[in-house]
Structures are given as C-alpha cells and as structure tokens.
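Open the model in your viewer and keep the selection tool at hand. The stops below say what to select next and what is there.

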Amino acid sequence: LVDTQNGQPTVKTCAKQHIETFILHLVAQSMATTLGDAYIKCRICNNVYKDPVMIPVCGHSFCAACVRNLPSTGTDAKNAECPGCKHANQSGIFEKDTVLPNFPLMRLLAADTVNRPDVSDWTPVKPKQDQAPVAVTQPVVGDIATHLGRLKLMNNKKEANIWKRVEELKDFGLPPGMAEVVEKQDRKVGIRIFILDNSGSTEQPDGLHVPKLKAGETKVNARSCTRWEEIKRMAIDQADLNLKNQTPCKFFLLNPSYAARRSNWQNLKAGKDYCDIDPLGSTVDEQMNALKNMLENTEPAGGTPLDKCIAAVGRHAKQEMEAVGDQDMNAYLVVVTDGVPTDALNTPSKDATDATIKEIRKICSEYPLFVVVRLCTSEQSVVDFYNKLDQELELPLDVLRNLEAESREIKRMNPWLTYFPELHAIREGGTNLSLLDRLDERPFTGGEVGTFLSMLMLCKDDPPLPAWEDFQAFMDICTAFSTGKPNVYDPFDKQMKSMMDANEVRKAIQGR
C-alpha cells in the first residue's frame with residue numbers, strides 16, 4: 001500500500017487482512033462512481049441500507065425493517081410481494097421469515113462507502129475478528145442455563161467470538177459463506193435437545209456410516225453399520241458441531257435405565273440416562289467423554305415409548321427452555337428414531353400414537369420449540385407414518401431421513417447441488433435457514449439458486465456474485481467454480497465432487 005507522509009510516498013507493510021479491507025474500499029468506491037447512490041439505498045425507504053437482507057426467491061435486497069413492514073399478500077399473513085419484482089411486473093411472492101442477511105452488501109457499506117473515502121490516504125484498521133475475545137468467567141458445570149443470567153452470559157460470549165465460531169464451522173466442513181449464515185442464524189438458538197432411540201430394532205444392520213475426511217485424504221469409504229451405530233455417530237457429530245457454535249445441548253436415551261423406567265422417567269441419572277454438552281463449562285473434554293461412554297455402554301433394547309420420553313424432557317429441561325423463551329430465542333427437539341410409538345407392551349397402537357401427539361403438542365405450546373424427526377430407517381411404513389404426522393399436527397415439525405435418502409430426494413428436486421454430509425448435519429440439528437429445509441420440497445427458483453450458490457462460493461470479503469439475471473456473467477463464475485478440484489463427498493454418486501454442477505445450474509435458471 002502506498003500512503004503519503006509529509007508529501008512523500010511511503011510503502012506501508014500490512015497484514016493480509018488489511019490488504020483485503022483496502023481492496024474492499026476500492027470495490028466500494030468503484031461501485032459508488034459507477035452507480036451513484038442507487039447501490040447503497042433501499043428502494044422502499046430510499047435511505048442508506050440498515051441491516052440489509054436478501055429475498056431468496058429473487059435476490060433483491062432491502063432493509064430488514066422495511067421487509068418486516070411490507071403489507072401481507074393473499075390469505076397468509078407471512079407472505080408479501082417483493083417491491084422490486086412488482087415494479088418489473090414479475091412474480092415475487094415470498095415468506096417474510098425466509099429472508100437472509102446480505103453479508104457482501106453489509107461489508108461494502110461498512111467500508112465507508114457512504115462517505116466516499118479517499119483511499120489514497122487510507123489508514124488500515126484492524127478488523128474485529130483479530131480482537132482478543134472477551135474474557136468470560138467459566139461457571140461450574142451443572143445443568144445448562146439453570147437461570148436466565150446464565151443464558152445471557154452465553155449470548156454475550158457468542159457476540160464476542162463471532163469470527164472464531166465462523167472459523168470453527170469452516171473447520172467442520174462448511175463453505176465460508178454458509179458458515180457465516182449458519183453462525184448468524186444460530187445466535188437465535190438457545191438449546192438443542194436430542195432423543196436417541198436405543199430400542200431393540202436399532203440393532204438392524206441397515207444403518208449408514210460416512211466417516212469425515214482426514215487431512216490428505218481424497219476418498220470417503222462409506223459403509224453399512226447398525227442403526228444404533230449410525231445414531232451414536234450422529235450424536236457425537238452433533239455434540240461437536242454445537243460446541244463449535246457454542247450452543248448447549250442435551251442427549252436423552254429413549255429407553256433409560258431400569259431405575260428411571262421404574263420411576264416413570266422421573267429419576268434420570270446424568271451420564272447414564274442423559275448427558276449435557278455445555279460450551280461454557282471448563283471440562284468440555286470430560287463432557288464429550290461422558291457422552292461417548294454413555295453411548296458405548298448402552299445395549300439397544302425395548303420399544304419406542306416416545307410419549308414418556310418427551311414428557312420427561314419437558315420436565316427435565318424446563319428451566320433451560322423457559323430461559324430460552326425469556327430471551328426471545330428458539331429451542332430444537334430432535335427425535336432420532338427408527339420406529340413408530342409403542343405402548344407399555346412395546347406394541348405400536350393408536351393409544352401410543354395419540355399419547356405421543358399429545359406430548360408433542362404440549363411441549364410445543366409451552367416453549368418456543370421446533371421439532372425435527374430424524375429417521376434412521378428406510379422402512380416405508382415408518383417414513384409414511386411421520387410424514388403423515390407432519391401434515392396432520394400443523395406444528396413446527398420437520399421429517400428428515402439419512403444422508404443417502406435425502407441426497408436422492410434433493411437430486412430429484414435440485415440436481416445442481418451436491419448434498420454433502422456437512423449440509424445434512426446442519427439440517428439434522430434443526431436450522432432457521434429456510435433454504436436448507438426446502439431443498440427436498442421443490443425445485444428452487446432462479447433467485448433461490450443464486451442466493452444458495454452465493455453461500456457456497458463466496459469467501460469472506462468477496463464482492464457479491466453477479467445477479468442471476470445477468471446470466472452469462474453468473475454462469476462464467478459457476479462454471480469456473482464447478483470445474484475446480486472435487487472437494488465434497490456426494491452420497492448419491494458415492495464419489496468426491498464439486499459442490500455444484502454448472503450445467504444443472506444453467507437448466508435450473510433457464511427452465512427445464
């Protein structure tokens with residue numbers, strides 16, 4: 001970088017991130033010169049963007065508050081029409097709660113764009129991510145978030161370590177843009193609770209194990225395993241993922257110890273019937289070891305008493321979920337199972353189903369809870385049961401199958417995407433990111449494809465992708481990206497591939 005001191009040019013030595021920030025200033029100034037005020041002003045309020053968000057169906061951006069205040073369209077109060085699409089006589093109906101933060105635009109605005117800086121006299125400013133994390137006193141390990149203050153402490157730590165968590169999610173295997181979005185969305189999640197089915201049927205050998213790639217490896221050896229082995233590995237992966245994102249979680253065995261069952265699920269014992277993973281605790285390794293030991297020492301047996309276990313979760317995690325509600329946050333209940341509800345005789349029955357539905361309704365009405373049913377079986381009768389339950393309950397419930405089954409469905413709906421294991425892990429734990437939830441529901445629109453690919457392809461401080469309507473420029477970038485080195489595992493084709501297929505992107509945008 002060249003600066004001026006006393007009228008003389010001077011070479012300045014800067015860290016890599018300072019150079020990136022300088023380049024961002026140049027991009028911002030170039031856009032300002034070319035487009036004037038148009039690119040920094042919201043077309044609804046005509047003011048400089050404040051907390052800009054992007055509408056997934058079309059890619060247009062507005063202030064977050066402006067989108068919230070748009071009038072409803074049709075009979076659904078959640079639906080609105082994009083003003084940009086309306087002006088162009090196009091269809092732009094969207095759900096208000098599906099908008100995404102527009103990180104590239106936020107970064108451009110943060111680069112002193114509004115003031116049109118003179119970059120020739122620019123002084124590097126150390127980015128926030130290099131600041132030392134705020135010191136947080138480590139509380140004694142015990143029940144997670146036993147009072148509201150503890151949850152506030154956890155939130156303060158999250159705010160102080162945003163970029164550390166983004167880096168952790170990238171290490172987990174998420175692309176940089178996706179890691180940023182997932183981290184931001186997960187700030188609203190106060191706790192995740194997992195019910196792990198350890199019934200006798202989980203000894204069936206039709207499970208799936210996809211090991212994570214180690215440094216230097218280029219091939220994944222997916223193999224069959226028991227359903228219980230699949231459940232155990234998923235639980236450990238979710239504990240690791242939530243630790244990286246500093247979100248507390250609990251793991252309950254569906255069939256606890258004899259002593260707990262004899263007390264009607266009242267006397268659950270830590271380390272034997274359930275385990276806590278507490279990101280604020282000073283003994284994280286001990287907690288992970290306790291979870292692994294509980295899982296390894298469990299022998300599958302019994303039925304699927306979901307009603308009793310869900311009721312026990314409601315009692316046991318009452319304080320945590322009340323604190324989550326007081327903080328205007330969400331909680332997720334993830335039921336990992338391979339069977340339909342059973343009664344005291346371990347027999348599927350209408351009474352067992354009705355009792356389970358009653359407990360789900362009760363816990364969802366008392367707490368800000370979303371339910372994910374993660375099936376570890378391909379038995380069609382079980383899949384049909386939970387899909388029907390999803391339709392009839394009219395509650396925030398999502399049904400998810402294993403990696404290979406989901407990849408087949410997504411390949412049918414959105415074949416441009418390689419549905420790699422890390423994406424599946426995010427969906428398994430429940431997510432506020434609606435685009436991930438809709439991957440297996442319908443083909444994406446051009447705007448949704450563009451928005452999703454931005455999360456896959458963009459790195460921190462990259463300028464925004466060309467609008468998908470600028471078809472050739474958009475496709476040039478997609479083609480270059482897809483012809484790079486294969487870097488994710490495709491469970492559909494069972495080989496390493498690029499995250500997306502440019503030819504399928506072309507078809508999705510132009511129409512099949």
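A contact here means heavy atoms within 4.5 Å. This is a predicted model: local features need pLDDT of at least 70, side-chain atom pairs count only at pLDDT 80 or more, and totals for chains, interfaces and linings use all residues. Residues are numbered from 1 along each chain as its sequence is written, and side-chain values use heavy atoms, with hydrogens and water left out.

**Whole chain**

Start with everything shown. The chain has 20 helices and 17 strands. Helices (H or I, at least four residues) and strands (E, at least two) are DSSP runs, numbered from the N terminus. Of the 512 residues, 52% are buried. Buried means under 20% relative accessible area, exposed means over 50%, and partly exposed lies in between (1.4 Å probe, protein chains only). Take the contacts between residues at least 6 apart in sequence: 68% of them join residues at least 24 apart.

**Threonine 377**

Select threonine 377. It sits in the loop between S14 and H14. Is threonine 377 buried or exposed? Its relative accessibility is 6%, so threonine 377 counts as buried. Setting aside residues up to four places away in sequence, threonine 377 touches Arg227, Asp338, Val382 and Val383. The C-alpha atoms of threonine 377 and glycine 207 are 7.3 Å apart, although 170 residues separate the two in sequence.

**Helix H14**

Move on to residues 380-393, helix H14. Its 14 residues should span 20 Å at 1.5 Å a residue, and the end C-alpha atoms are 20 Å apart, which agrees. The expected span is 1.5 Å times one less than the number of residues. Color Val382, Val383, Tyr386, Leu389 and Leu393: these residues of H14 are buried. They cover an arc of only 125 degrees around the axis, so they lie on the same side of H14. That arc is taken from the directions from the helix axis to the C-beta atoms. Exposed Ser381 and Gln391 are on the face of H14 turned away from the buried side. To see what covers the buried residues, show elements including helix H11 (306-316), helix H13 (350-366) and strand S14 (369-375). Then step to glutamate 394, which follows H14 and has a positive phi, near 55 degrees.

**Helices H6 and H8**

Select residues 162-172 (H6) and 227-244 (H8). Their axes are 8 Å apart and the packing angle is about 150 degrees. Axes are lines fitted to C-alpha atoms, for helices over the stretch in contact, and angles run from 0 to 180 degrees between N-to-C directions. Angles over 145 degrees count as roughly antiparallel, under 35 as roughly parallel, 65 to 115 as roughly perpendicular and the rest as oblique. H6 and H8 are therefore roughly antiparallel. Show Arg165, Glu168, Leu169 and Phe172 of H6 against Asp237, Asp240, Leu241 and Lys244 of H8, which make the contact.

**Strand S11**

Go to residues 249-253, strand S11, where 5 of 5 residues are buried. Cys249, Phe251 and Leu253 are on one side, with Lys250 and Phe252 on the other. Two strands pair if DSSP finds at least two bridges between them. S8 (residues 189-196) runs parallel to S11, joined by 5 bridges. Isoleucine 193 has lysine 250 as its bridge partner in S11. S12 (residues 274-277) pairs with S11 in the antiparallel sense over 4 bridges. Phenylalanine 251 has cysteine 275 as its bridge partner in S12.
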